Amino acid sequence: MPKKVLIVDDEPSIIVPLQFLMEQNGYETSVAFSGEEAMETVAASHPNLILLDIMLPIIDGFEVCQRVRENPEWNDIRIILLTAMGSEANIAKGLAMGADAYITKPFSNSEVIAKVKELICQ
């Protein structure tokens, strides 16, 4: 059974190529365009990993990360923050809130795939 990856970003220009990349590497994907939609998808489908932007409408990526980490039923979900916010303070905050990895945009496809494989051991 393929591992499930949830891609959360409000930019279709980011989601579409990431979705293609994940599916080409054998992952089942779902997408969310807001933090609120991400939380609904996590509850409904329990993905193995979330590729999560920080700058999202209504509920930002930091809060999504925190909410996932606060629910013991979701302890096995891996989170990669994938964002343009590359300051040391943001990286430290993201990792402190429970993200498993932090990748800044622009990113290389090989870097993203390598980190996904490392975290969910396909």
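A polar contact here is a pair of N or O atoms within 3.5 Å. With that in hand, here are my notes on this model, which is predicted.

1. Start with Thr83, in strand β4. The Thr83 side chain reaches the backbone nitrogen of Met85 at 3.1 Å, inside the 3.5 Å limit for a polar contact. Is Thr83 buried or exposed? Thr83 is buried, because its relative accessible area is 0%, and the cut-off for buried is under 20%. Leaving aside neighbours within four places in sequence, Thr83 is in contact with Asp53, Ile54, Tyr102, Ile103, Thr104 and Lys105.

2. The peptide bond from Lys105 to Pro106 is cis, with omega near -5 degrees. Pro106 sits in the loop between β5 (101–104) and α5 (109–120). For context, most peptide bonds are trans.

3. Most residues other than glycine have a negative phi. His46, though not a glycine, has a positive phi of about 45 degrees, and it belongs to the loop between α2 (35–45) and β3 (49–52). Ile58 is not a glycine either, and its phi is positive at about 65 degrees; its place is the loop between β3 and α3 (61–70). How exposed are they? His46 is partly exposed, as its relative accessible area is 27%, while Ile58 counts as exposed because its relative accessibility is 68%.

4. Next, the start of α3. Asp60 caps the N-terminal end of this helix, with a side-chain oxygen 3.1 Å from the backbone nitrogen of Phe62.

5. Which residues of α3 are buried? They are Gly61, Phe62, Val64, Cys65 and Val68. Looking down the axis of α3, its buried residues fall within an arc of 165 degrees, so they line one face of the helix.

6. Now the cores. The largest nonpolar core has 21 residues, of which Val8, Ile50, Leu52, Val68, Ile79 and Leu81 touch the most other members. β1, α2, β3, α3 and β4 are the elements that give two or more residues to this core, and α3 gives the most, with four residues. A second, separate core has 19 residues, among them Met22, Leu49, Ala101 and Val116. As a rule, in soluble globular proteins nonpolar side chains tend to be buried together.

7. Setting aside neighbours within four places in sequence, its contacts are Val8, Gly61, Val64, Cys65, Ile79, Ile80, Leu81 and Leu82.

8. Strands β1 (residues 4–8) and β2 (residues 28–32) run parallel and are joined by five bridges, with Leu6 opposite Ser30 in β2. Together with helix α1 (residues 12–24), β1 and β2 make a right-handed β-α-β unit. Val16 lies in helix α1 and counts as exposed, because its relative accessibility is 53% and the cut-off is over 50%. C-alpha to C-alpha, Val16 is 9.3 Å from Val31 in space, and the two are 15 residues apart in sequence.

Terms used. Residues numbered from 1 in each chain as written. Predicted model: local features only at pLDDT ≥ 70, side-chain atom pairs only at ≥ 80, totals over all residues. Heavy atoms only, no water. Pairing = 2+ DSSP bridges. Right-handed = clockwise from strand over helix to strand, strands pointing away. Buried < 20%, exposed > 50% of the residue type's maximum accessible area, 1.4 Å probe, protein only. Arc of directions from axis to C-beta. Polar contact = N/O pair within 3.5 Å; in protein donor to acceptor, adjacent residues only side chain to side chain. Contact = heavy atoms within 4.5 Å. Core = buried A, V, L, I, M, F, W, Y, C linked by side-chain atoms within 4.5 Å.
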